[in-house]
Each structure stands twice: as C-alpha cells, then as structure tokens.
Amino acid sequence: MKLSDKTRETLLGPLNVNNPVVVQVLGICSALAVTVQLKPALVMGIAVTIIVAMSNVIISLLRNTIPMRIRIIVQLVVVAALVTLVSEVLRAFAYDVSVQLSVYIGLIITNCILMGRLEAFAMTNGPWDSFLDGLGNGLGYAIILVIVAFFRELLGSGSLLGFQVIPQWCFEHGYVNNGMMMMPAMALILVGCIIWVHRSINKEEKK
Amino acid sequence: MKKLDTNSNVYTIVYATVMVVIVALLLAVVSSALKPKQQANVELDRKKQVLSSLNIDLKGQDAEALYAQLISEQQIDGKQVFVATLEDGSKKYIIPMHGAGLWGAIWGYIALDDDKNTIYGTYFNHDSETPGLGGEITTRYFQTRFNGKHILGAEGYQMEIVKGEAQGEQVQAISGATITSKGVETMINTTLSDYLSFLSGNGSCEAGQSSAESNIIAIETKEQVEPQVVEEVNDPYQEVEPAEVAASINE
C-alpha cells in the first residue's frame, strides 16, 4: 500500500519528529509510573494507542454534530467510556497486568495526549486521517515508554519481561542491581536523556 | 433538509442526554458480561496467594486444581482457617491477615505447622507501598525470613521484626521500609491475638466448643508452655531490650 506524503506524516511524524512525549512533553506522569518493568509499559502503550485511535475516530465521526459549547465534555465522555471498557477487559483477561497498572489505566482519561489530539486533530479532520493520527501518537508514546522501561528493568532488576538476562555470575562477582532505577525520579532522568539524544539527532529538522 | 442549529440550547441538552444514555448502556452491558470472568480472576488470585504461603512455586502449575487438592476452608472457633494437607501428609494451618502499611492496606497469609507454633511459610501483599522499599514485602527473600520461627514467645503469641541483625526468634526488617515492616509486625500480632483461642486450642474443629471454654484452655496451655519457652529463647531477649528495639525502630 502506498501512502501519500500527508498520510505518512500523520502516521509517522509522531513517532519521531513530532513525538508527543519527547517533543510535546505530554503524558509524562504515566511514563514515570508504569515503566519499572517492561510488561506493564507495553500494555500501557498498547492501551493508550487503542484508546487514542478509537476516540479520534469517534470524535471525528461526530465532529459536525457536537455542540461547540459542550465539546470538551463530549470528548471526555467518549474517552472515559473507552478507558472504562479497556480496564474492564484487562481485569477479565489480563488480571495480573491490570493489578500492576492499577490506577494508571483509569488515569489514561487525564492523559494530555488524548485531549490534545481530539481538540487539535479529530475535531477538524476526517475519520481515516484521525485514525492514523491517533495510531501514530499512541505508538509514539508507547515507544518512549518501552525505551524507558527497557533500561529501568534491565538496570534495576537485571531482567527483561520478567526473564533474568544478567547472568548469575555477574551478581556473584559483585554486580548489584541499581535500586535508583526503581524510583520514579529515574524515569524522569531517562526521559531527559532521550530528549537530549533526540534533539541532537534532529537538530536541523527542528528549526 | 434544513441544517440543524448545533448551538441551540435544546439541541445541546438532547445531545448530552442521548450521549450519556448510550454510553451508560454500553458500559453496563460490558460490565455485567465480564463480571463472572473478573470474579473468577479475583478468586484465582486469592487461591494463588494462599498456596504461595505454603512455599509452593506456582510456575506452570494449575493453581485451581492444586488448591482444591490441598486446601480445605474451615471455621474453627468462629475464625476462618485454611487447613492444608501437603503431599507428604503433614498438616498446615493457614491464617489470613489484614493490616496497614505506610500508604495503604497490606495483607497476607501465615502458614503454621501442626504444632500451631512453628511458621511454615508466609505470604504478604500490598496495595500501594513504595516499589523497591515497602513493596519488597511481596518478595520471597523477605517472606522466607519468617520460616522456622516460632510465634509463641516469652510474652505470648508475638513476632518481632527488628532493624539490623535479627537474633533468635526475631525477623529482620526491610532496610528503608521500617514503617511497612512495623505494619507487617502489627498485622501478624493483631491477627495472632484474634486467633488466640484457635492457636492455643487443641486443634480439633469440634463445633460444640464455645469460645469461652476455649479461652480457658488458652490460658492454661499458655501457662504450661511459657516457662519452657522462656528458657529456650532467653538469650536473644536479654541481649536486646524490647524497649531499646522499639526506640531504635521509631527513629
């Protein structure tokens, strides 16, 4: 399938040049909270991607009928309904993950990325473009979460997705897991490092 | 067709009402459709917790079947007790516990040997303790510290969780998580005092035994056992004054 330039930018822009976390600095709070391990970060990323994409489509379909005065409320209701659905489904089919994510699934409602995309994009664009935009932004958020969680789990627990990757003899020779990585502050520092790397790579494009 | 005025008051109110009704219906349907599955998950999770207090590694095992095979839930002296019969024929009593940590609720299960004194295994979990600090109570390395300790000390049914090196019947706290560790201690001691009649009773689950009767037994048994125990664990208790320990923990 060939994508036009505009479509490609809608979908892929948020993954890199226009990333919601490292460029727009949105959705930081959940990025701190759920990235101690890779698995909840993955689930959180997928959940946000699904919710942004679907709410974008729904709002885009409704955009000509929504009364302007209550448009934020309408957006919130749509997002809240989707978040509740996802949380119920997780509780039914991935109970341990939903326990781990606990309150943060519910807090997707307040994730700035969602409201931002709905207001800025879905209210003025068609359903297909909105879907791609939601997908792109959700994945852009998920990528950062996964990168942060990768380093936090690797250095903090010596494992990835729950499997021990740092061999036992390292621990026997005095290697110690970095407890700092378990603290939320480290996620902020890691996000800072990612922003630094990202800005140095995209120096020209940003201008 | 005449275009609707999407900014009129009537339209706005009707729109909001319809939207809310649709969303409410949708959520209600999904919620009731998934409820049985969710409750099964919660129940399975509880069974896994009970089993892990028996030091059973549940990886790759059918927790449901194992639970049904090993554990029977009983009311002894009006208290809920899980009686487990292990594969080697030994009998364990598992007591559920509830308490408070630093940020929220903590809970757990404590498995006792047939003598209702020696700890066979423990399980702790928490709602919102700090990961890496108080959250460590869910780890095996903390839970196994209790194994082999005795709940019946010189001052009755009591456990002691101390900062630094643990001696005798004491259990070492988690460094950096003093309040959560104290919470675990309080939880265990409160539960044990609640279960006094069960612990000091003769272990039969005869329904006729009234709680008043079993309390008398409790006092008697305690008196019989106490002197002997004092002798056994005399040293550790003298080296560390309880008051001192309490003071150092409160720091």
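**Entry 1: contacts along chain B**

Of its contacts with a separation of 6 or more, 51% are between residues 24 or more positions apart. Contact here means that the C-beta atoms of two residues, placed from the backbone, lie within 7 Å.

A note on what I'm looking at: this is a predicted model, where local features need pLDDT of at least 70 and side-chain atom pairs count only at pLDDT 80 or more, while totals for chains, interfaces and linings use all residues. Residues are numbered from 1 along each chain as its sequence is written, and chains are lettered from A and ligands numbered from 1 in the order in which they are written.

I also checked the make-up of chain B: 8 helices and 9 strands. Helices (H or I, at least four residues) and strands (E, at least two) are DSSP runs, numbered from the N terminus. Chain B has 251 residues, and 27% of them are buried.

**Entry 2**

Next I traced an open sheet of 5 strands in chain B, with the order β1-β2-β3-β4-β5 and antiparallel pairing. Strands pair if DSSP finds at least two bridges between them. At the edges I found β1 (71-76) and β5 (119-126) of chain B, each pairing on one side only. From one strand to the next the twist averages 25°.

Then I went strand by strand. β2 (residues 79-85) and β3 (residues 91-100) of chain B run antiparallel and are joined by 4 bridges. I spotted B:T85 opposite B:K91 in β3(B). These two strands make a hairpin with 5 residues between them, and B:G89 in the turn has a positive phi of about 90°.

β3(B) is also antiparallel to β4 (residues 105-112) of chain B, this time with 8 bridges. That pair is a hairpin too, with 4 residues between the strands. Two bridge partners I noted in β4(B): B:Y109 for B:P96, and B:L112 for B:Y93.

What lies across this sheet? I found helix α1 (residues 9-52) of chain B lying across β1, β2, β3, β4 and β5 of chain B, at about 145° to β5(B). Axes are lines fitted to C-alpha atoms, for helices over the stretch in contact, and angles run from 0 to 180 degrees between N-to-C directions.

**Entry 3: one loop residue**

I picked B:N117, in the loop between β4 and β5 of chain B. Not counting residues up to four places away in sequence, B:N117 touches B:L112, B:H150, B:I151 and B:L152. I also checked B:Y157, which is 40 residues from B:N117 in sequence but 8.7 Å away in space, C-alpha to C-alpha.

**Entry 4: the cores**

Over to chain A. The largest nonpolar core has 51 residues, and those touching the most other members are A:M44, A:A47, A:V48, A:I51, A:I144, A:L145 and A:V148. Such a core is a set of buried Ala, Val, Leu, Ile, Met, Phe, Trp, Tyr and Cys residues joined through C-beta atoms within 7 Å. α3(A) gives the largest share, 12 residues. Another core lies apart from it, with 40 residues, including B:L112 and B:F146.

**Entry 5: helices of chain A**

In α7(A), I listed A:I113, A:L114, A:R117, A:L118, A:F121 and A:A122 as buried. They are on the same side of α7(A) because they cover an arc of only 130° around the axis, the arc being that of the directions from the helix axis to the C-beta atoms. These buried residues pack against α3, α4 and α8 of chain A.

Last, I looked up A:S157, which sits in helix α8 of chain A. A:S157 counts as buried because it has 21 other C-beta atoms within 10 Å. A:N178 is 21 residues from A:S157 along the chain, and their C-alpha atoms are separated by 7.5 Å.

Conventions
A residue is buried if 20 or more other C-beta atoms lie within 10 Å of its own, exposed if 12 or fewer, and partly exposed in between; C-beta atoms are placed from the backbone.
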